[in-house]
Amino acid sequence: MTDVYDEPAGIAPRGTVIVAAGRGEHAGAYARFGKRISADGYRVRVLPDVTADLDAAFDTAGKLLADDALPGPKVIAGSDTGALFALALGPRPDALILAGLPVARPEGINLLGGWEAEIEARTACPNHRRVLGDGASTLLAPIPPALSAAVEQTSLPTLGLHGDADPISPLDEARPLYPGTLVAVAGGRHDVLNDVSHRTVAATIVLFLERLRLGPSLPVIAEAL
């Protein structure tokens, strides 16, 4: 099942963004993101935590990528293990948006100290905290082997987004994992797509999507002189 956000009535669709949520993220956590990106003409489909049923997530993503009713370019946007999921799909999407790529950590090590500490590590945004609600600590759950091997170079156009205050995946450690362009978000924590700078992040994504529509070489649309 996916959450669906379509372009406004009367607006021609400009492409499709398939969101792959990471560890502990439900599809509803991307309602604000889906509404904002779809308002600019891009259809958005959100897959909940892909690690909950990896085979089903790969199957659903494959069907969405093959669905001729969804306009191209088709982009996979993933957060945390969702970003690894996007890389694991190989060349099937037209482009990737990778956020909060996780760095390797020894299994079982307690870096967070429970759900309240995890919320602190995830986001400083009060609305996103409310949406996440109460839950169990998930960010230290083992990464499935099928995803842990997915960090590799890709020839696809790629936008990376990473908080420079991410305590789960420190920027200096994560930087080498990103192919393509990497944008550091000032003060951003782990859930960088839904953190306090979510408007700036969404604007950065829309600019990337608009450039992608012009070609995989991402021609420049606006340039400071």
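**Reading a pocket and a sheet**

Modeller: Thr158, Leu159, Thr181, Val183, Thr204, Leu207, Phe208, Arg211, Leu218, Val220, Ile221 and Ala222 line the second largest pocket. This is a predicted model, where local features need pLDDT of at least 70, side-chain atom pairs count only at pLDDT 80 or more, and totals for chains, interfaces and linings use all residues. Residues are numbered from 1 along each chain as its sequence is written, and side-chain values use heavy atoms, leaving out hydrogens and water.

Biologist: What volume does the second largest pocket have?

Modeller: Rolling a probe the size of a water molecule over the atoms shows where empty space is left. A pocket is an open set of points on a 1 Å grid over the protein atoms alone, where a 1.4 Å probe fits, with protein on both sides within 12 Å along at least five of seven lines; lining residues have an atom within 4 Å of a point. Here the volume, the space filled by probe spheres set on the points, is about 190 Å³.

Biologist: Which elements give two or more residues to the lining of the second largest pocket?

Modeller: They are strand E6 (158-163), strand E7 (181-185) and helix H8 (198-214); helices (H or I, at least four residues) and strands (E, at least two) are DSSP runs numbered from the N terminus. H8 gives the most, with 4 residues.

Biologist: What is the order of the strands in the open sheet?

Modeller: Two strands pair if DSSP finds at least two bridges between them. The 7 strands follow the order E1-E3-E2-E4-E5-E6-E7, with mixed pairing. Strand E1 (3-5) and E7 stand at the edges with a single partner strand each, so one side of each has no neighbour in the sheet.

Biologist: How many bridges join E1 to E3?

Modeller: E1 and E3 run antiparallel and are joined by 3 bridges, with valine 4 opposite arginine 45 in E3. E2 and E3 pair in the parallel sense over 6 bridges, and here valine 17 faces valine 44 in E3. Strand E2 (residues 15-20) also runs parallel to strand E4 (residues 74-79), with 5 bridges between them; threonine 16 has lysine 74 as its bridge partner in E4.

Biologist: Why is E3 largely enclosed by the rest of the structure?

Modeller: In a regular strand the side chains alternate between the two faces of the sheet. E3 is largely enclosed because 6 of its 6 residues are buried, that is, under 20% relative accessible area with a 1.4 Å probe, protein chains only. Tyr42, Val44 and Val46 are buried on one side, and Arg43, Arg45 and Leu47 on the other.

Terms used
Buried means under 20% relative accessible area, exposed over 50%, partly exposed in between (1.4 Å probe, protein chains only).
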